Amino acid sequence: MSEKSLAKGTEAGCKRSEVNSLVQIPSESFPVCRICQTITSNETPISPCNCKGTLAYIHLSCLEKWLNQSGRNFCELCNFRYESIQTQRYTFCESLTLWICHPRNRRHIRSDLIVVALLTLVTSGLLFICTYGMDYFGYQAEQESIDKAWIKLTLVSFLVVIILGYLIAVYLLLRDHLVPWYHWWTRTMNIRLQILYTQGRRSELV
């Protein structure tokens, strides 16, 4: 064998040994976390649900982080429900501030405020005309030999319809914002798992 081929073989062997030192092959003694896919960690993987095999092990910190991000308190694979303490992540004022400051929600709120302003302006104008013009319309009705009470009843009915339509429109606009915000606020929880494992209990679950 030549010195050149021997040198290449030695170099290749060094590279393989270097790669093997960096990559650790999972084994039963060193279970791999199914989320971070690492085995060199200061935290020992646990088996908190009914999953089996390589999917059974997970770091508690990885699991809590995943549950908080996904907003659930059960395993997405076996549907095992974890024992956990759930606390509201944001207060009422904090959730409203975050919701309003979101760019998409802010644009939506701005456009709806313009609509409410226009509706308020039109409704106020109609109410002003009907209220202060009631005597004028009554006088015109007497000139045409029409009962004045019917004119007032018609104007009052028109005012009621205008006010109800305005209130319904404002309610629908508010509901489009408040319902999604409320669902988001009530479902945004801080999840802390209550898992106390001994070595014997962990072996029973596996």
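**Aromatic pairs and a helix contact**

By the ring-centre criterion, this predicted model contains 8 aromatic pairs. One of them joins phenylalanine 80 and tyrosine 82 in an edge-to-face arrangement, with the centres 5.7 Å apart and 75° between the planes. Are these two residues buried or exposed? Phenylalanine 80 has a relative accessible area of 28%, so this residue is classed as partly exposed. Tyrosine 82, by contrast, counts as buried because its relative accessibility is 5%, and the cut-off for buried is under 20%.

Tryptophan 181 and tryptophan 185 are both buried. Ring pairs also connect them with Phe92 and Tyr182 in a cluster.

I now come to the helix contact. Two packed helices are described by the angle between their axes and by the distance between those axes. For helix 3 (residues 92-101) and helix 4 (residues 103-132), the angle is about 80° and the axes are 5 Å apart. Helix 3 is therefore roughly perpendicular to helix 4. Which residues make the contact? Helix 3 contributes Trp99, Ile100 and Cys101, while helix 4 contributes Pro103, Asn105, Arg106 and Ile109. Sorted by class, this contact comprises 5 nonpolar residues, 1 polar and 1 charged.

Thank you for your attention.

How values were computed: Residues numbered from 1 in each chain as written. Predicted model: local features only at pLDDT ≥ 70, side-chain atom pairs only at ≥ 80, totals over all residues. Heavy atoms only, no water. Phe/Tyr/Trp six-rings, centres within 6.5 Å; stacked < 30°, edge-to-face > 60°. Buried < 20%, exposed > 50% of the residue type's maximum accessible area, 1.4 Å probe, protein only. Axes fitted to C-alpha atoms, helices over the stretch in contact; angles between N-to-C directions. Helix = DSSP H or I, 4+ residues; strand = E, 2+ residues; numbered from the N terminus. Parallel < 35°, antiparallel > 145°, perpendicular 65-115°, else oblique. Contact = heavy atoms within 4.5 Å. Nonpolar A, V, L, I, M, F, W, Y, C, P; charged D, E, K, R; others polar.
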